[in-house]
Amino acid sequence: MRLKLVTATSLLALCLVTTAQSVEINQDGANAVKDTLTKLLPEDLAKSGLITVNPAGARYEIIYDLAKLLGKADPASFAISGLTPLSMFATPLDSGLWNIEGDDKFNVSGHFKGPDQKPTDFAYSIASLVYTGVFDPAISYLRSGTFNAKDIKVSSKSDTEEVHASIAGIDQKLSSTDSAGGNGRIDFAGTGSMTNFFEQVSSQQTPPVEIRADSIDVAAEVKGLPAKQIRDMIFFVLDHVDEKELSPENSDKIKGILKQAFPILASFSETIGVNNLTVSTEVGKGGAKAFGYNVVMDGPTDAMRFGFGMNAQDISVDTPLMPASYSTFMPTSFDLQVAVPNLDFAGFGDAFMAMDFNDKTSEKSGEEMAKKLFRDGRLAVEFPKISAKSDVYDIDMTGKIEGRVDAEKDYSMEATILARDLDKTIAAVQELAKTDPDLNQVSFGIMMVKGFAKTDADGRSRWDISISRDGSISVNGQVVKEADQP
């Protein structure tokens with residue numbers, strides 16, 4: 001589950017006003033704020049009372065009566081109760097920015113029918129939702145903010161599936177600074193934490209599954225974001241969403257906005273950490289003391305690097321489905337890091353600018369963009385780290401594969417594999433082979449591989465493997481397969 005309160009709250013404030021009209025709070029100012037908030041809504045919805053703005057001392061109170069969204073809903077297909085209005089307070093500042101704040105709670109329940117006409121009951125509650133922030137009308141987004149939600153509960157039930165989820169609390173912080181270089185771009189950074197996560201899913205086809213985590217922590221950072229241009233793109237799409245074809249003038253306009261926006265970012269990173277994760281079913285239980293995920297994109301626009309990874313420590317599996325003799329081969333920890341370097345987003349952007357936005361069937365444009373992104377179709381995948389450890393093995397691998405996006409055989413690979421206590425691994429496989437004779441071949445294969453190994457100073461076995469485009473293979477400099485014949 002991602003932490004999305006920052007985005008949700010920002011959308012409530014989208015298009016608040018173009019400037020802080022004045023520090024004087026009056027009904028005319030309230031009407032101006034309301035007109036700005038409703039100008040992109042359908043006319044009937046804008047007049048429905050969905051949004052109300054009132055002067056409230058030194059600030060404006062903005063009331064969202066979400067029940068108005070359901071005015072045309074068929075009660076037989078969708079009904080909801082407990083949907084009370086939400087309030088947000090906005091205070092204009094002399095700088096043109098706005099302070100926003102809110103303190104709400106949420107408790108709704110109802111039912112709906114999906115495309116299959118099967119009924120589903122649902123309930124959603126937040127005991128407390130408190131937030132403060134500084135909103136920038138120039139980018140229609142928050143410059144900073146803090147957000148806190150407590151006692152969140154979600155449930156749904158149909159004839160075939162039932163889901164229950166809860167979170168004790170969510171805390172988030174957002175901050176921003178102007179990017180270096182004074183080019184109007186912005187660096188955003190955010191952190192979030194979720195405590196006591198629980199989810200239970202059951203259906204007619206599968207037994208109940210429970211997922212629990214003591215906490216989930218998230219940290220994200222994006223640098224060089226063209227926030228104003230992204231805002232302009234959103235407005236452009238909303239203004240022209242009903243048009244089947246763009247006029248030449250509008251096509252040039254959106255291309256101009258996109259040209260200013262490229263590159264979309266200078267770098268991006270996100271990490272997610274899950275603490276004391278457990279997954280329980282009727283047939284067993286498993287989990288990890290720590291589970292992590294990361295993604296990063298950085299580097300110059302004509303040679304950006306995209307990487308992602310996963311890792312887990314203190315993994316445990318307890319299920320009668322796994323014979324005890326195999327349990328020692330389950331990894332107690334692993335780390336997988338993968339990267340795609342040398343992505344040419346500058347060339348990709350140039351090809352994108354040359355695309356005819358009215359030609360929705362052009363395959364040539366897509367192929368041209370792919371060639372630009374991967375530098376004439378060449379693709380490299382790096383493995384900075386792949387490791388796995390259990391009671392009977394300890395393996396690390398690094399490597400790189402190079403090839404083409406349009407061919408399967410034209411590739412090369414360089415890899416290094418390190419294994420600690422290989423004799424211990426062989427002995428464990430041989431012991432297991434006493435009850436599973438097919439594993440004798442595995443044991444024999446490992447011993448053959450050991451014969452090619454070198455021994456590092458720390459005692460680990462090493463294999464430096466090279467596979468060339470001509471099909472030849474060498475291990476630690478020794479050729480084990482000659483090049484393919486033309």
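Both faces of strand β4 are covered: L86, M88, A90 and P92 on one side and S87, F89 and T91 on the other are buried, where buried means under 20% relative accessible area, exposed over 50% and partly exposed in between, with a 1.4 Å probe and protein chains only. Helices (H or I, at least four residues) and strands (E, at least two) are DSSP runs, numbered from the N terminus.

The model is predicted: local features need pLDDT of at least 70, side-chain atom pairs count only at pLDDT 80 or more, and totals for chains, interfaces and linings use all residues. Residues are numbered from 1 along each chain as its sequence is written, and side-chain values use heavy atoms, with hydrogens and water left out.

Strand β4 has two partners, β2 and β5; strands pair if DSSP finds at least two bridges between them. With β2 (residues 59–64) the pairing is antiparallel over 5 bridges, and L86 in β4 is the bridge partner of Y64. With β5 (residues 98–113), β4 is joined by 4 bridges, again antiparallel, and A90 stands opposite I100 in β5. A hairpin is formed by β4 and β5, with 5 residues between them, and G96 in its turn has a positive phi of about 95°.

The largest nonpolar core has 46 residues, and V53 and I62 have the most contacts inside it. A nonpolar core is a set of buried Ala, Val, Leu, Ile, Met, Phe, Trp, Tyr and Cys residues joined through side-chain atoms within 4.5 Å. Strand β10 (residues 209–225) gives this core its largest share, 5 residues. A second, separate core of 12 residues includes A433, L439, I465 and I467.

The whole structure holds 8 aromatic pairs. Rings of Phe, Tyr and Trp (its six-membered ring) pair if their centres lie within 6.5 Å; planes under 30 degrees apart count as stacked, over 60 as edge-to-face and the rest as tilted. Two of the pairs are set out below.

| Pair | Distance between centres | Angle between planes | Type |
|---|---|---|---|
| F106 and Y124 | 5.6 Å | 75° | edge-to-face |
| F112 and F122 | 6.1 Å | 40° | tilted |

F106 lies in β5 and Y124 in β6 (residues 119–136), so their pair ties together parts 18 residues apart in sequence. F112 in β5 and F122 in β6 are 10 residues apart. F122 is buried at 18% relative accessible area, whereas F112 is partly exposed at 30%. Ring pairs also link F78 with F112 and F122 into a cluster.

Helix α5 (residues 248–261) has 14 residues and reaches 20 Å from its first C-alpha to its last, close to the 20 Å expected; the expected span is 1.5 Å times one less than the number of residues. Which residues of α5 are buried? They are N250, S251, I254, I257, L258 and A261. Seen down the axis of α5, these residues fall within an arc of 125°, so they line one face of the helix; the arc is that of the directions from the helix axis to the C-beta atoms. On the other side of α5, P248, E249, D252, K259 and Q260 are exposed.

Helix α8 (residues 422–433) has 12 residues and reaches 17 Å, close to the 16 Å expected. Its buried residues are L422, T425, I426, A428, V429, L432 and A433.
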